[in-house]
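Subject: Structure for your review

Dear colleague,

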Amino acid sequence: MIIASNVSKRFGKLQALNNVSVTCNKGECIALIGPNGSGKTTLIKSILGMVVPDSGFITFNGNNILHHWQYRNNIGYMPQIGRYPDNMRIADVLDMMKDIRGHKGAMDEELVAAFELDKLKHKRMRTLSGGTRQKVSACMAFLFDPQVLILDEPTAGLDPVASEILKEKIITEKKKGKLVMVTSHILSELDDLVTQVIYMQDGELRFHKSIEALRADTGQEKLSKAIAHVMLNTAL
Amino acid sequence: MKKIIKYVMADILRNRIVLVYLFFLLVASFSVFSLEDNSSKGLLSLLNIVLLVVPLISIIFSTIYVYNSAEFIELLVSQPLKRRTIWISLFVGLAGSLSIAFFVGVGIPVLLYEANLTGIMMIGVGLLLSVIFVAIAMLAAVWTRDKAKGIGVAIMLWVYFSILFDGLVLFLLFQLADYPLEKAMVGISALNPIDLSRILILLQLDVSAMMGYTGAIFKDFFGTASGMVISLSVLLVWILLPVWLSVRNFNRKDL
């Protein structure tokens, strides 16, 4: 579904992505894992067209994304930090998104209901806490029932109840056959979500394995232990 | 495009700084007109306020707004929209709302007290200046990644256009006093939208006699219909060129 071929990107002296190639297919839930500054967010931004790679290309359903901006109709993106114009209300932001997308099919407002955003609808964005803003971002990612969900640190800043709701939602969407890409530093909560793991370091793709293969290779049941095992071994 | 403009404008018009700006212009205009018994003198005083304050607020507010919207712009880029659409909508939203603020703050009082060609000209020039400095601000914001640096650049640009430019021109005039520079001055004034606007209005006010021989040349050029059209076109170029450059830059920018 999404294929990145030999993608490289350099920011000044920093090689953010170095010859990264990945293939992501429908029905997978992929965890992007790696230390800070390993290029996870740059990879996500390249897929979304926010960062233009220096070399290599990315295709979405066979079309090079450089020339087909419409592919973003099929993506729901939840950014790491959601900031919105100060004087907009939650309802305005959601309405604006609906306007921009011009989505014909049914809206998926399950999360809006689950997070009880209806009660806060008339609050201005500048008055919201970080967690509530994060909830708004999450709602927008799922609102248009996209085929691909890209979630950058989705549970950062959410309270335990909300992050549980979000995880449940991710699992149901995965079961519907959608492609989900998640980055997170809290590995323990990825355990029951992911089917594939992409591990990045210094802008390079270290491995892309299914979780079963990773468990078998490292002999660890928990994802956090397995990754720790990998990190220690690569350090040596 | 219209959809984003609508929401951006609604957001900016509720912004406290824009409301204070509008209120300040309103108070300044009404007090200037009620202090002077001759309302055309009032217009002259108002002109000086407008030429100083409008570019300052337009350029600094727009720069800060663009930087504060960085995450919002990222979110818009991740939506199925062309980058050009996003950037131009943002420009139109900013320019539109600051123009509305100017029109309510200065335009309405001027129309009440001095609704003649000069007054209308002044409103037009003020609106153009608002838009020009929004365009310049967006160019400054797209060029520099760092917020503090970007705002610094915006302030420097304002200082240059409002103060330094005149100093440089004076310096040139004194250094090259032996040469006939009067005609060249017409060309040089096109390099600064604020100066160009000032000349356009002053000539309407018939105080050009005070500007000596250069004033006469200005009158010769800007006083005619074709001169007026040319200078208005130059002001339009001051809008289109920065917008075009910033769109080109934004299209390739990594967010």
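Helices α3(B) and α6(B) cross in a right-handed sense. This, like everything that follows, is read from a predicted model. In chain B, α3 covers residues 39-68 and α6 covers residues 117-143; their axes come within 8 Å and cross at roughly 25°. Angles under 35 degrees count as roughly parallel, and α3(B) and α6(B) are therefore roughly parallel to each other. The contact between α3(B) and α6(B) comprises 17 nonpolar and seven polar residues, with no charged residues.

Two further helices of chain B were examined for length and burial.

Helix α9 of chain B runs over residues 193-204. With 12 residues at 1.5 Å a residue, α9(B) should span 16 Å, and the 17 Å between its end C-alpha atoms agrees with this. Nine of those 12 residues are buried, so α9(B) is largely enclosed by the rest of the structure. Among the buried residues of α9(B) are B:Pro193, B:Ile194, B:Leu196, B:Ile199, B:Leu200 and B:Gln204.

Helix α11 of chain B, residues 225-252, has 28 residues and should span 40 Å at the 1.5 Å a residue used here; its end C-alpha atoms lie 41 Å apart, which agrees. Buried in α11(B) are B:Ser231, B:Leu235, B:Trp238, B:Pro242, B:Val243, B:Ser246 and B:Phe250. An α-helix has 3.6 residues a turn, so residues three or four places apart point the same way.

I turn next to the contact between the two chains. Chain B contributes 20 residues to this contact and chain A contributes 24 residues. On the side of chain B that touches chain A, the elements giving two or more residues are α1 (2-13) and α4 (70-77) of chain B. Of these, α4(B) gives the most, with five residues. By class, this side of chain B has eight nonpolar, four polar and eight charged residues.

A:Ser55 lies in strand β4 of chain A, residues 55-60. Is A:Ser55 buried or exposed? A:Ser55 is exposed, because 12 other C-beta atoms lie within 10 Å and a residue with 12 or fewer counts as exposed. Apart from its neighbours within four places in sequence, A:Ser55 is in contact with A:Asn6 and A:Ser8. The C-alpha atoms of A:Ser55 and A:Arg10 are separated by 9.7 Å, although these residues are 45 residues apart along the chain.

Yours sincerely

Terms used:
Residues numbered from 1 in each chain as written. Chains lettered and ligands numbered in written order. Predicted model: local features only at pLDDT ≥ 70, side-chain atom pairs only at ≥ 80, totals over all residues. Helix = DSSP H or I, 4+ residues; strand = E, 2+ residues; numbered from the N terminus. Expected span 1.5 Å × (residues − 1). Buried ≥ 20, exposed ≤ 12 C-beta atoms within 10 Å, placed from the backbone. Contact = placed C-beta atoms within 7 Å. Nonpolar A, V, L, I, M, F, W, Y, C, P; charged D, E, K, R; others polar. Axes fitted to C-alpha atoms, helices over the stretch in contact; angles between N-to-C directions. Parallel < 35°, antiparallel > 145°, perpendicular 65-115°, else oblique. Left-handed = near helix turned anticlockwise from the far one by under 90°.
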